[in-house]
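Here are a few notes to read alongside the model. Take them one at a time and keep the viewer open.

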Amino acid sequence: MGPPIRAMLCPADRYSLKCPFSRRPSRVVIHNTANDAPAENEIRYMLNRPEEVSFHFAVDSQEAVQGLPLDRNAWASGDGRGVGNMEGIHIEICCSLSGGERFQKAEANAAALTAQLLRQYGWGLDRVTKHQDYDGKYCPHRTLDLGWDRFLHLVRQEMEGSGPEEDREAWARRRERERAALPASGWAQGAWQRAQKAGLFDGTAPRAPLTREQCALVLDRLGLLPPAENESA
């Protein structure tokens, strides 16, 4: 099971700079960001930069954030209009400057996302490549330091769904709890705060799924439901 994926897609009026060519992808290209910023910051910075620098996903210890449509190219592998840029789905693994537990979790999430993409397109492990393959740059630097075959093994494990079913279910539950505990996204922060002030939510778990019964309670608090039979109209 891959990390939660959140879209912060490039506006169409920036396509000419960030992803001008429509294409059919043929591979995954792995990068390390070489700093410690979270995924949302990486995508936001990438989209706002004035250069032809772009990638499809940034992945940290909590989530994957998508910045470009998968049917558009990216300027990430340094090979101009070569197969890396023109056909690769580019994944930036965050928190690689300092390494440690945050990077390990980000890398594990990137491996899970890679496996998800391989299944989606019907590809094998041979479609997983690294930035270094296209222009010789030592990237993904920390992943290479730790061992490229080790990363491929992580992807293979995700592809095979290794481990007891109970372990995978426990992992999924833990992932959901971790996601629910995240603060509200920047784009929703103002609305989230106003919803709390209005008494619609108690302020906990801003990214948790909304059940139907919770939705009914919110509608009731907004006065959008008919009164109960024992209440006056």
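What pLDDT does the protein chain average, and how many of the residues score at least 70?

1. The average is 88, and 89% of the residues score at least 70; pLDDT is the predictor's confidence in each residue, from 0 to 100. Go carefully at residues 162-166, where the pLDDT is below 50 and the stretch has 3 contacts in the model beyond near neighbours in sequence (contact means heavy atoms within 4.5 Å).

2. Some ground rules. This is a predicted model, where local features need pLDDT of at least 70, side-chain atom pairs count only at pLDDT 80 or more, and totals for chains, interfaces and linings use all residues. Residues are numbered from 1 along each chain as its sequence is written, and side-chain values use heavy atoms, with hydrogens and water left out.

3. Beyond four places in sequence, Leu117 is in contact with Val28, Phe57, Leu70, Ile89 and Ile91.

4. Finally, find Arg127 in the loop between helix 4 (100-121) and strand 6 (128-130). The Arg127 side chain reaches the backbone oxygen of Ser26 at 2.7 Å.

Note on methods:
Helix = DSSP H or I, 4+ residues; strand = E, 2+ residues; numbered from the N terminus. Polar contact = N/O pair within 3.5 Å; in protein donor to acceptor, adjacent residues only side chain to side chain.
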